[in-house]
Every structure is written in structure tokens, then in C-alpha cells.
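Colleague: I'm new to this one and would like a close look at a single part. Could you pick one and walk me through how it sits among its neighbours?

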Amino acid sequence: MEQWLPLIGWWVLILVLFWWLLIVPQQRQRRERERFLASLKPGDEVATNDGICGRILSVDEQMVTLRIAEGVDIRVLKSGILRRLTKEEAIKLRSVLRKGG
């Protein structure tokens with residue numbers, strides 16, 4: 001039995017290392033994503049996973065209404081929002097929205 005103790009110790013160490021390197025970062029990423037989605041509010045300028053950029057008009061529990069051009073509003077799943085636009089991207093989006101396309 002004593003000969004197995006070092007082997008069991010190494011397996012425990014490998015499992016802990018595996019958990020720390022793979023599972024913990026994934027959980028951290030998921031929490032950050034959930035915080036980001038919860039922080040979305042009307043007026044934010046965002047990009048979707050499909051590359052559609054627009055300004056948020058309203059936010060529901062699971063849906064977001066985006067204005068992608070003057071008079072063109074779409075509803076997308078909240079989980080489909082990829083990121084907030086940078087200031088430069090937002091300025092460019094505003095000029096496109098004013099021109100109407």
C-alpha cells in the first residue's frame with residue numbers, strides 16, 4: 001500500500017492542476033460574460049455575433065432591440081451581443097445612422 005501513495009499523490013496533483021488551468025479560467029470567463037450582458041442598457045452601441053452593429057433601444061430579459069439604420073429596428077437574443085463598440089466605432093456608426101445607410 002505504501003508504494004501506491006506517491007502515485008496517488010501525483011494523480012491528485014495532476015487533477016488539481018488540470019482543474020486550475022482549464023476549469024477556473026472558463027468559469028471566470030462565463031461570469032464576466034454574464035456581467036457584461038447584465039450591464040447592457042439603452043443607448044449602448046454594440047456589435048452582434050453576426051457582425052451587425054447598432055444602438056440598443058430596449059433591453060428585455062432575453063431580447064435586445066437594436067436600431068441598425070434610421071427606421072430599421074431588429075430584435076436579437078441578448079446572448080447574441082458580442083461586445084460594446086469602441087468610441088471610434090460608435091462615432092462611425094452614428095454617422096451611418098444619420099445618413100440612413
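**Around the core**

Modeller: Let's start with helix 1, whose buried residues are V24, F36 and L37. Buried means under 20% relative accessible area, with exposed being over 50% and partly exposed in between (1.4 Å probe, protein chains only). Helices (H or I, at least four residues) and strands (E, at least two) are DSSP runs, numbered from the N terminus.

Keep in mind that this is a predicted model, where local features need pLDDT of at least 70 and side-chain atom pairs count only at pLDDT 80 or more, while totals for chains, interfaces and linings use all residues. Residues are numbered from 1 along each chain as its sequence is written, and side-chain values use heavy atoms, leaving out hydrogens and water.

Those buried helix residues pack against strand 5 (81-84). Two of them, F36 and L37, also belong to the largest nonpolar core, together with L40, V46, I56, V64, L66, V76 and I81, nine residues in all. Helix 1 and strand 3 (63-69) each supply at least two residues of this core. By nonpolar core I mean a set of buried Ala, Val, Leu, Ile, Met, Phe, Trp, Tyr and Cys residues joined through side-chain atoms within 4.5 Å. In soluble globular proteins, nonpolar side chains tend to be buried together.

Now zoom in on L66. Apart from its neighbours within four places in sequence, L66 has contacts (heavy atoms within 4.5 Å) that include V46, I56, V76 and I81, as well as T48 and G54.

V46 takes us to strand 1 (residues 45-48). There V46 and T48 point one way, E45 and A47 the other, and all are buried.

Strand 1 has a partner on either hand. Strand 1 pairs antiparallel with strand 2 (residues 53-59) over three bridges, and V46 has G54 as its bridge partner there. The two form a hairpin with four residues between them, and G51 in the turn has a positive phi of about 90 degrees. Strand 1 also runs antiparallel to strand 5, again joined by three bridges, with T48 and I81 as bridge partners.

Stepping back, five strands make an open, antiparallel sheet in the order 4-3-2-1-5, where two strands count as paired if DSSP finds at least two bridges between them. Strand 4 (72-77) and strand 5 are the edges, each pairing on one side only.
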